[in-house]
Amino acid sequence: MTAADRRSNLLALARGARGFMPDDEGAALHQAAHRAGSQAAGGATFVEIGAWCGKSTVYLGAAAEETGAVLFSVDHHHGSEENQVGWEHHDRDLVDPVSGLIDTLPFWRRTVDDAGLGGSVVGVVGDSPIVASRWHGPVDLCFIDGGHGATPAWADFDGWSPKVAVGGWLAIHDVFPDPADGGRPPYELWCAALASGEWEEDGHRGSLRVLRRIRPPTRR
Ligand code: SAH
Ligand code: MG
């Protein structure tokens, strides 16, 4: 298979996967990750916060495979607040009948296996702030799409954005400047990032906003 065929197969698989990412935003995410992976000599490190059933994982994983990067895909796989019973983004097929909890890990795993991305994608099953607290290396691209309430969104931003190296990328999903379109926290993270002077805008598509680090982090 040619590299172009492999890419189009992976992007088609990502488009068909269950999840929360419009096709054009997924393509933009793949492109941002491709830039990040191409820039880092010797193999970039990508981190995804919020994987669900692996849709964004395949967009990012395709870019990882193409550039020799490794994607660490962090999720506890029990869903965010907005995925629980009675909330807007609930899907009853994803509830484990034994535990009664949402469990997207088997679906995530199937998506990554179907994509054949085991050589480029590592699943990290756990709570994002806990993983962040023990993660010491620099990150070349971080994609934040975890819990969208204020507490989890800020915890992801505070925990992960300082790890992005100067010249590296931060992508935030579900950034909606107009409150009629969606919740505030991802937009507030994006505003805070720009106001800090540490980041410059590096493109956007729909609700996906891409930032590039221009200054080292200062403690908040
Ligand atoms: N990127 C996915 C959608 C992610 S949905 C896609 O492309 O479809 C948000 C995900 O964040 C859920 O799977 C949820 O389990 C995860 N999440 C929420 N809070 C988390 C936390 N504190 N630690 C780890 N994962 C979390
Ligand atoms: Mg999202």
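Helix α2 crosses helix α3 in a right-handed sense. This is a predicted model. The two helices, α2 being residues 23-39, pack with their axes 8 Å apart and at an angle of about 30°. An angle under 35 degrees counts as roughly parallel, so α2 is roughly parallel to α3. On the α2 side the contact is made by Asp23, Gly26, Ala27, Leu29, His30, Ala33, His34, Gly37 and Ser38. On the α3 side the residues are Ser56, Tyr59, Leu60, Ala62, Ala63, Glu66 and Thr67. Sorted by class, the contact of α2 with α3 has seven nonpolar, seven polar and two charged residues.

Serine 56, one of the α3 residues in that contact, is buried, because its relative accessibility is 5% and the cut-off for buried is under 20%. Setting aside residues up to four places away in sequence, serine 56 touches Met21, Leu29, Glu48, Gly50 and Phe143. Leu29 is also among the α2 residues that make the contact with α3.

Helix α3, residues 55-67, also packs with helix α1, residues 3-16. The axes of α1 and α3 come within 7 Å and cross at roughly 165°. Angles over 145 degrees count as roughly antiparallel, so α1 is roughly antiparallel to α3. The crossing of α1 and α3 is right-handed. From α1, the residues Arg6, Arg7, Leu10, Leu11, Ala14, Arg15 and Gly16 take part. They meet Lys55, Val58, Tyr59, Ala62, Glu65 and Glu66 of α3. By class, the contact of α1 with α3 has six nonpolar, one polar and six charged residues.

The crossing of α1 and α4 is right-handed. The contact consists of Arg6, Leu10 and Leu13 of α1 with Thr111, Asp114 and Ala115 of α4. Its classes are three nonpolar, one polar and two charged residues.

Next, a residue in a strand. Phenylalanine 72 lies in strand β2, residues 70-75. Apart from its neighbours within four places in sequence, phenylalanine 72 is in contact with Thr45, Phe46, Val47, Glu48, Val122, Val124 and Trp135. Glu48 is among the residues touched by serine 56 as well. The C-alpha atom of phenylalanine 72 is separated by 9.2 Å from that of glycine 61, 11 residues apart along the chain.

The cysteines remain. How many disulfides does a search of the whole structure find? The search finds zero. Cysteine 191 is in no disulfide, and the nearest cysteine sulfur, that of cysteine 142, is 18 Å away. For a disulfide, the two sulfur atoms would have to be within 2.5 Å. Cysteine 191 is partly exposed, with a relative accessible area of 27%. Cysteine 53, by contrast, is buried, with a relative accessible area of 1%.

Note on methods: Residues are numbered from 1 along each chain as its sequence is written. Chains are lettered from A and ligands numbered from 1 in the order in which they are written. This is a predicted model: local features need pLDDT of at least 70, side-chain atom pairs count only at pLDDT 80 or more; totals for chains, interfaces and linings use all residues. Side-chain values use heavy atoms; hydrogens and water are left out. Buried means under 20% relative accessible area, exposed over 50%, partly exposed in between (1.4 Å probe, protein chains only). Axes are lines fitted to C-alpha atoms, for helices over the stretch in contact, and angles run from 0 to 180 degrees between N-to-C directions. Helices (H or I, at least four residues) and strands (E, at least two) are DSSP runs, numbered from the N terminus. Angles under 35 degrees count as roughly parallel, over 145 as roughly antiparallel, 65 to 115 as roughly perpendicular and the rest as oblique. A crossing is left-handed if the near helix is turned anticlockwise from the far one by less than a right angle, and right-handed if clockwise. Contact means heavy atoms within 4.5 Å. Ala, Val, Leu, Ile, Met, Phe, Trp, Tyr, Cys and Pro count as nonpolar, Asp, Glu, Lys and Arg as charged, and the others, Gly among them, as polar.
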